[in-house]
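Dear colleague,

Please find below the structure that I am handing over to you. My notes on it follow directly after it.

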Amino acid sequence: MEYVKVIIDGKECSAEKGEFLMDIAERNGILIPHLCHHESLRGLASCRLCLAEVTENGRSKIVTSCIFPVMRDLAAKTNTEEIKSMRKTLIGLLAAEAPGNDKISQMAEAYGISDHSRFLSDKGNECILCGLCVKACEEVGCNAIAAINRGTTKKVATPYEEPSAECIGCGACAHVCPTGCIEMEESCGVRKIWGKEFELLKCNVCGKHFMTKEEYDYINKKSDIADQPVCKSCKQIEIARKIMEV
Amino acid sequence: MSERIVKICCGTGCVANGSRKVLEAFRTELDKRKMEVEVVPYVKATGCNGLCERGPIVKIEPDDIAYYHVKPGDVQEIVEKTIMGGEEIQRLLYLDSKTKKRIRSHKNSDFIKRQTKIALRNIGEIDPYDIHDYLEAGGYQALRKALFEMSGEDVINEIKASGLRGRGGGGFPTGVKWETCHKIDKSPKYIICNGDEGDPGAFMDRSVMEGDPHTVLEGMIIASVALNVQNGFIYIRDEYGLALENMRRAIEQAKELNYLGDHILGSGHSFDIEIVRGGGAFVCGESSALMASIEGKAGEPRAKYIRSAEFGLWGQPTVLNNVETWANVPVIIEKGSEWFTKIGSLGNAGTKVFSLVGKVKNTGLVEVPMGITLEELIFDIGGGIVGDREFKAVQTGGPSGGCIPKELMHLGVDFDTLESVGSMMGSGGMIVTDERTCMVEFARYYVAFLAEESCGKCVSCREGIRQMQKLLTDICEGKGQESDLNLLEEIAHTVQQASLCGLGKTAPNPVLSTLKYFRDEYLEHIRDRRCRSGVCKALTEFYIDSDQCAGCGLCKKGCAPEAIEGTLKEPHVIHREKCIQCGNCIDICRFKAVKVR
């Protein structure tokens with residue numbers, strides 16, 4: 001394994017060659033703001049908030065740290081005046097795109113943004129098109145949603161914006177959404193997401209509704225094990241009990 | 001009588017002006033007169049001659065006569081007088097806009113004589129539909145040289161030594177790109193030709209693909225030999241019907257004669273080229289978005305922290321060059337890098353094709369050595385401004401290029417100089433504006449174009465451009481505030497620095513450059529609610545100066561919304577509520593009585 005020396009905001013960090021700058025920073029307690037990167041899904045560099053100024057071989061450039069692979073020794077700054085100012089502009093743009101969203105509003109407040117009056121905010125939803133939901137769906141293997149159109153008319157949708165046959169109602173998209181804008185409703189054993197209704201299965205142990213039938217079938221088909229439907233917390237208790245026995 | 005060739009320009013511009021009918025008329029007329037003409041001339045359709053504004057263009061050789069604005073009705077006379085009688089027809093010759101004299105050979109016109117043709121060397125001379133015409137012009141000789149006289153390293157070194165830089169706008173040294181790809185021990189590798197030209201007003205790549213498709217193929221095949229690549233792609237935007245047709249035909253013919261395919265010319269090297277049709281997104285001209293599109297994914301760019309020479313199409317090492325760059329390759333291999341470096345300016349060897357459009361007299365394609373001044377380009381080759389109005393600025397590099405004012409007309413045109421003044425070379429679009437162009441509206445127009453064409457992946461580009469468009473629209477509508485200018489600069493800076501790909505990084509150029517060189521126009525819009533060029537409708541009123549109006553009534557007849565009223569020989573008036581400010585009355589009035597306030 002090859003190692004490289006990285007100095008982030010003055011702190012010397014050791015890293016494997018090819019590691020992403022954001023991961024190295026986080027491991028060393030340096031938190032870089034981000035929205036489109038999730039602990040279980042690599043960032044898509046779409047929110048641009050994780051900007052950093054990198055100096056290698058005497059030359060400086062602005063990079064997005066979530067996807068910037070460190071290939072040689074370098075120095076990085078994540079909080080220069082210029083970066084802070086650009087991050088502020090970006091948060092202002094996000095606030096205009098998703099007005100009323102709690103997470104973005106908190107960020108805007110932290111950066112001292114109060115006036116959005118000169119910006120157009122007519123989109124009427126809280127999606128910032130980070131793309132995490134699409135990536136999560138792709139990872140699950142369903143590809144039920146995608147970004148459609150381009151430019152200012154871009155949005156995330158199912159094909160033809162109709163209930164999708166591919167969607168298993170797992171809710172992974174809603175789970176990873178940084179602004180929590182994907183609507184997922186549950187009542188009386190029915191989950192509603194992306195315009196489609198799903199029957200929820202009951203946990204064999206505790207009897208609570210927890211998973212759609214489509215998701216249960218999908219997992220069984222993929223893993224080839226026809227387990228009884230058991231919810232996450234009951235499963236944990238069961239495993240703990242087995243460990244105790246051993 | 002010696003053997004004659006009649007060359008009829010069938011580039012897109014001339015075809016639109018009816019050159020196919022002229023071609024047919026020549027064939028019919030000559031067929032009819034077979035007995036009278038000693039040797040029936042060879043009539044052929046060629047690619048674009050560049051001076052599209054004066055098409056259809058017909059050239060007769062070896063007499064060296066070029067006729068402009070030729071109509072089917074002129075053909076009989078041309079056959080009788082010029083082909084049978086050897087006499088020139090004055091009214092069809094090139095009219096020099098400065099001296100007002102007719103010029104027999106088009107090579108002596110201001111438009112042509114200052115040009116140096118490398119990429120466009122064959123266009124307008126050969127029949128793009130016939131590989132033999134290309135072979136007769138020395139085609140595929142460079143490929144033979146690369147295959148049988150040079151090693152792969154020799155070819156790469158020759159391109160490197162020539163200093164050829166990417167003509168698609170990036171200006172990255174082509175030889176270095178090839179070398180990087182060559183050094184990577186991973187296969188398969190791919191070669192791509194970017195023919196997704198999307199800049200409004202630019203048509204050089206189209207012209208090359210339409211008029212000399214084999215030069216593009218030859219350039220790609222040479223690279224495939226040097227880099228040992230077996231598969232290539234040509235990505236052509238779907239709107240370019242003729243380019244698609246001609247490239248397809250060229251590939252077929254090249255395969256028939258074994259310049260392409262298995263064991264090229266009996267060597268051990270095989271290479272195949274596939275055409276991919278673009279779906280019409282401007283952003284697919286960006287290399288990584290283009291590759292995503294070939295892979296069948298949505299055309300979105302990726303960050304290029306690892307270059308495509310290492311990690312390109314399907315994650316494999318890939319060399320992507322633009323059409324014009326490929327067209328330069330065979331000539332460099334044939335004539336050598338030393339010859340090439342003598343053309344152009346320091347660090348910017350060779351020529352660049354520009355599409356000179358807008359308010360300039362001679363619009364069309366021009367190929368000039370890099371380093372030529374803007375003044376020479378616009379005023380000598382371009383012949384100056386239409387209607388001899390005042391020149392205002394030139395926008396170089398397509399929709400995301402900057403506007404360069406008249407104080408900087410002495411600058412030489414090359415990659416580095418243009419960038420240093422806040423513009424760029426881009427693919428070589430050059431839009432000339434005059435006093436009747438409002439620079440705020442000009443910036444707004446391009447920003448609106450880019451807002452629509454942004455892929456929407458990253459916030460800075462998608463939202464930054466949208467908000468810039470909003471602020472610029474407000475200013476054009478008289479709703480701007482002085483603080484908007486700082487806000488515009490602030491957003492522009494972030495979009496430039498923080499965007500993912502070239503589209504976003506360059507999108508603020510029209511805004512920043514107009515703010516820099518034409519700030520007073522912005523301030524006039526905001527403070528005085530005035531648009532000096534009479535373009536922004538909310539800030540403009542058209543009126544007739546009663547002292548100058550002769551009451552001829554021409555403006556009234558030409559006014560579509562019937563906003564002009566008046567009796568003959570009496571001063572007329574414009575009703576503001578009906579006026580749509582189209583400007584037709586200004587153009588019609590012979591007394592310059594229609595004014596803007």
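**Chain A: charge and overall features**

Chain A carries 32 positive and 36 negative side chains, and the centres of the two sets lie 3 Å apart. Lys and Arg count here as positive and Asp and Glu as negative, with His and the chain ends not counted; the place of a charge is NZ of Lys, CZ of Arg, CG of Asp or CD of Glu.

The model is predicted: local features need pLDDT of at least 70, side-chain atom pairs count only at pLDDT 80 or more, and totals for chains, interfaces and linings use all residues. Residues are numbered from 1 along each chain as its sequence is written, chains are lettered from A and ligands numbered from 1 in the order in which they are written, and side-chain values use heavy atoms, with hydrogens and water left out.

Chain A contains 7 helices and 11 strands, taken as DSSP runs numbered from the N terminus (helices: H or I, at least four residues; strands: E, at least two). Its C-alpha trace spans about 60 × 55 × 30 Å along the principal axes.

B:Arg4 lies in the segment before β1 (5-9) of chain B and is buried, with a relative accessible area of 7%. Its side chain makes a polar contact with the side chain of B:Asp63 at 2.8 Å (a pair of N or O atoms within 3.5 Å, one able to donate a hydrogen and the other to accept it; residues adjacent in sequence count only if both atoms are side-chain atoms). Leaving aside residues up to four places away in sequence, B:Arg4 touches several others, among them B:Glu61 and B:Pro62 (heavy atoms within 4.5 Å).

B:Glu61 and B:Pro62 are themselves joined by a cis peptide bond, with omega about 5°. B:Pro62 sits in the loop between β3 (58-61) and β4 (65-67). A cis bond also runs from B:Ser187 to B:Pro188, with omega near 5°.

**Positive phi values**

Most residues other than glycine have a negative phi, and most peptide bonds are trans. A:Tyr160 has a positive phi of about 55° and is exposed, with a relative accessible area of 74%. For B:Lys592, phi is near 50°; B:Lys592 is exposed at 66% relative accessible area.

Yours sincerely

Note on methods: Buried means under 20% relative accessible area, exposed over 50%, partly exposed in between (1.4 Å probe, protein chains only).
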